[in-house]
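Colleague: I would like to go through some of the labels used for this model and hear what each one rests on. Please set the value against the cut-off each time.

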Amino acid sequence: RGRLASTTGILRQAGARPGAIYGRLADRHLYRALLDRDHEFFAALVAELAEALDSEGIEYVAGDAVEGFNPGHDVCRLLINAAVSRLGAGGRAIRNYEFPLDAAPATETPEGSLRLDLDDTALARKLAAAHGYPEMAYEVEKALAAHGVAAFRTEVLRPVDYAFDIAGRFSRPPYYESYGEQQVAKGIYGEVVRFHEHFEPVALELQRGYGAPPA
């Protein structure tokens, strides 16, 4: 079920403005592009994102960390890295940051990180926004039960020091493969998105187009 309306409401409350490719794809369309290894599709998204970052005068970008939990999250990171690399090749430097979506909230602050320690008012706004997102209620309660409210008082955006070589950034096989196998067994999914078969070829094509030649 789509949850774009809830996302839009949260962003509006936060004063954020949707960008050029916001809400472009449903999950099933993204997964289909991965399963088909549709390199041209992802390259077009990179070009559009890079153009938007440049035309808007963006100086830094923050997005999903690679965690091997959800292929959609990991694809977002690849697209950001490719767009930043594309602009960097033309002399347009953008500072690139990441934050975890599945792992525990970051507490350490690596060199070059951006850190925000929320006061009580800001933390209350953050929790209210999370609880006001009905489609994510289970994930919100699970995260609060696992880490406690205090863990979400600190926001850390870590500098990204990698581009397209992501194979060593999570345990393998990634979680999304075992989850996909369960969904196929239940008859919910028709195919399993796999790292080596589907995801890595996309990463390598983006590397060929926007990064150093693959080893």
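Colleague: Why is Phe-199 called buried?

Modeller: This is a predicted model, and the relative accessible area computed for Phe-199 is 1%. Buried means under 20%, so Phe-199 is buried. The value for Phe-195 is also 1%, and Phe-195 is therefore buried by that cut-off.

Colleague: Where do Phe-195 and Phe-199 lie?

Modeller: Both are in helix H8, 4 residues apart, which is about one turn of the helix.

Colleague: How many aromatic pairs does the rule give?

Modeller: The count comes to 7 aromatic pairs. One of them is formed by Tyr-179 and Tyr-189.

Colleague: What makes the pair of Tyr-179 and Tyr-189 edge-to-face?

Modeller: Their ring centres are 6.4 Å apart, and pairing requires centres within 6.5 Å, so the two rings pair.

Colleague: Which residues share an aromatic cluster with Tyr-179 and Tyr-189?

Modeller: Phe-69 and Tyr-175 are the other members of that cluster.

Colleague: What makes you say that the buried residues of H7 line one face of the helix?

Modeller: The buried residues of H7 are Tyr-176, Glu-177, Gly-180 and Gln-183. Viewed down the axis of H7, they fall within an arc of 125°, so they line one face. They pack against helix H4 (71–89) and H8.

Colleague: Why is H2 called roughly perpendicular to H4?

Modeller: The axes of the two helices come within 10 Å and cross at roughly 70°. Roughly perpendicular covers 65 to 115 degrees, so that term applies to H2 and H4. On the H2 side the contact is made by Leu-30, Tyr-31 and Leu-34, and on the H4 side by Pro-71, Gly-72 and Val-75.

Colleague: What is the term for H5 and H6?

Modeller: Their axes come within 9 Å and cross at roughly 135°, with helix H5 at residues 120–131 and helix H6 at residues 137–147. Roughly perpendicular ends at 115 degrees and roughly antiparallel needs over 145, so H5 is oblique to H6. Leu-127, Ala-130 and His-131 of H5 meet Val-140, Glu-141 and Leu-144 of H6.

Colleague: What makes Thr-154 buried?

Modeller: Thr-154 has a relative accessible area of 17%, under the 20% cut-off, so Thr-154 counts as buried. This residue is in strand S4.

Colleague: How do you know that the side chain of Thr-154 makes a polar contact?

Modeller: The partner is the side chain of Asp-117, at 3.1 Å. The limit for such N or O atoms is 3.5 Å, so the distance qualifies. Leaving aside neighbours within four places in sequence, Thr-154 also contacts Ala-106, Arg-115 and Leu-116.

Colleague: What about Ile-94, buried or exposed?

Modeller: Buried: its relative accessible area is 8%, against a cut-off of 20%. Ile-94 lies in the loop between H4 and strand S2 (95–99). Beyond four places in sequence, its contacts include Leu-53, Tyr-60, Val-84 and Leu-87.

Colleague: What is there to note about the backbone at Arg-37?

Modeller: Most residues other than glycine have a negative phi, and most peptide bonds are trans. Phi of Arg-37 is positive, near 50°. Arg-37 is in the loop between helix H2 (27–35) and helix H3 (39–55).

Colleague: Which peptide bond is cis?

Modeller: The one from Arg-172 to Pro-173, with omega near 0°. Pro-173 is in the loop between strand S4 (154–159) and H7.

How values were computed. Residues are numbered from 1 along each chain as its sequence is written. This is a predicted model: local features need pLDDT of at least 70, side-chain atom pairs count only at pLDDT 80 or more; totals for chains, interfaces and linings use all residues. Side-chain values use heavy atoms; hydrogens and water are left out. Rings of Phe, Tyr and Trp (its six-membered ring) pair if their centres lie within 6.5 Å; planes under 30 degrees apart count as stacked, over 60 as edge-to-face and the rest as tilted. Buried means under 20% relative accessible area, exposed over 50%, partly exposed in between (1.4 Å probe, protein chains only). The arc is that of the directions from the helix axis to the C-beta atoms. Contact means heavy atoms within 4.5 Å. A polar contact is a pair of N or O atoms within 3.5 Å; within protein, one must be able to donate a hydrogen and the other to accept it, and residues adjacent in sequence count only if both atoms are side-chain atoms. Axes are lines fitted to C-alpha atoms, for helices over the stretch in contact, and angles run from 0 to 180 degrees between N-to-C directions. Angles under 35 degrees count as roughly parallel, over 145 as roughly antiparallel, 65 to 115 as roughly perpendicular and the rest as oblique.
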